[in-house]
Amino acid sequence: MTRSTERPAVTTPPTTDLADATALRHQLADQLAAAGHIRTPAVDHALRTVPRHAFAPEVPLHTAYANDIVATRHSDDGTVISSISAPWLQADMLEAARIQPDHRVLEIGSGGYNATLLAELVGPTGHVTTLDIDPAVTDRATRFLAQTGYDHVRVVTADAEHLPAGVVPDGGFDAIVVTVDTWDLPWIDALAEGGRLVAPLRLHGYHWAIGFTKDEGALHSDEPLIVCGFVAMQGAGAWHANRRTVPGTGVHLSWEDGTPLPVDQLATALGHEPTVTRTHITVGGQEPFDVLTLYLAGALPGFCRLEVDPDGGDGVLNPPPKHWPGAAIVRADSLARLATERLGDGDDGNGLYEFVVHGHGTHGHLAAQEMAEQVRHWQRNHRGALCPRITARPAASCAPAATDHVPHVFTKKYTRITVDWPIVPGTAALLTDRGSCNAG
């Protein structure tokens, strides 16, 4: 392991700082418990015990105990490549991991702080291994773990795609917690039967922290999916967006799961006003609909993520997708994308919106109708469900992947991911008698 020649960043703080840190730590835990992120005494004790500020000495105390990430390492271009995760998400993932005293736990993606929380959960007779590919990250973790009295945590520098010999205990880990954004789950064999794996898994570019239990060699989710964001996996497990740019438009399409399609022919389609197909399905301004986009990603062949340069698009996509890339499908020389249209303020004053689908190109209206029908299907059958059930099976145990689109199946390098949608009948809100119409 590479050792840093820097002086340790943590020194003995004044008594007043210790008192302030303790108060802020309890205040943060109270906030997380009130919001439902802390649900068990063990996780509550861990978050009230571990000095988070000791792992973030570069920032003020109030920043270290804010309910937000603390960036700890950047690449040359300024991208965050290591951070202390937001406390609410750490609490949710620790609860999902269901760690008990004596457990043997692997953390993938190091930094030190989360490893100390795990160490508190497993107790003095348990064992925690924290692993990262970046020697600077593991060096930092090693120093801070020693300075805070958690030097019994094992720190390993390695590429998580291929765990080094001797890391996995006999019988496998009781829990694996992944704290970097991962496109695949190559750790099934390293997990004990009945063990828990919690990971932020990418499915067609959507990021979900998912809690799995290993049963008969496969992983089965049994927790609500948590929309999240983590620093990207490095090394052999790094994901690739398979991003394509439509010439002259500032519009980018990405296929992370599935085969990228040609996009040059879409330049003409995006140069004209779209058709608008109404779904008659509404959503509140503060109501998340990430589950719908995951459903569309599995239901529709040719599905991709759509982004527009802030100063690009030539106004052809109005309004452009906000925050997260939009949901879209490509059909030869045509494209359809999911959008929303504001209807009013809504009962809570945060806005009421209708899902609409914009169609571009000669057959854009047909692609839009296809997507709109899937939105209505989700509304009628799946919107009322708490969450879909996700199963990850080792690819080696599955039949060869089909070359045609298989609904709600994502083929990865090491695993085959299946998303099962419980049927909870609902009623689509019919807002108007209009069908599709031309915008503008």
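This is a predicted model: local features need pLDDT of at least 70, side-chain atom pairs count only at pLDDT 80 or more; totals for chains, interfaces and linings use all residues.
Residues are numbered from 1 along each chain as its sequence is written, and side-chain values use heavy atoms, with hydrogens and water left out.

The average pLDDT (the predictor's confidence in each residue, from 0 to 100) is 87 for the protein. A score of at least 70 is reached by 89% of the residues.

Strand E8 spans residues 206-215. Strands (E, at least two residues) and helices (H or I, at least four) are DSSP runs, numbered from the N terminus. Nine of the 10 residues of E8 are buried, so the strand is largely enclosed by the rest of the structure. Buried means under 20% relative accessible area, exposed over 50% and partly exposed in between, with a 1.4 Å probe and protein chains only.

E8 pairs with E7, E9 and E10; pairing requires that DSSP finds at least two bridges between two strands. Strand E7 (residues 191-203) runs antiparallel to E8 and is joined to it by eight bridges. Leu201 stands opposite Trp208 in E8. E7 and E8 form a hairpin with two residues between them. In its turn, His204 has a positive phi of about 55°.

Strand E9 (residues 218-221) is antiparallel to E8, with four bridges. Here Thr213 has His220 as its bridge partner. The E8-E9 hairpin has two residues between the strands, and Glu216 takes a positive phi near 55°. Strand E10 (residues 226-227) is joined to E8 by two bridges, again antiparallel. Ala209 is partnered by Ile226 in E10.

Helix packing was examined for H8 (residues 290-299) and H9 (residues 364-381). The helices pack at an angle of about 125°, with their axes 10 Å apart. Axes are lines fitted to C-alpha atoms over the stretch in contact, and angles run from 0 to 180 degrees between N-to-C directions. H8 and H9 are therefore oblique to each other; angles under 35 degrees count as roughly parallel, over 145 as roughly antiparallel, 65 to 115 as roughly perpendicular and the rest as oblique. H8 contributes Val291, Leu292, Tyr295, Leu296 and Ala299 to the contact. H9 contributes Met371, Gln374, Val375, His377 and Trp378.

Methods. Contact means heavy atoms within 4.5 Å.
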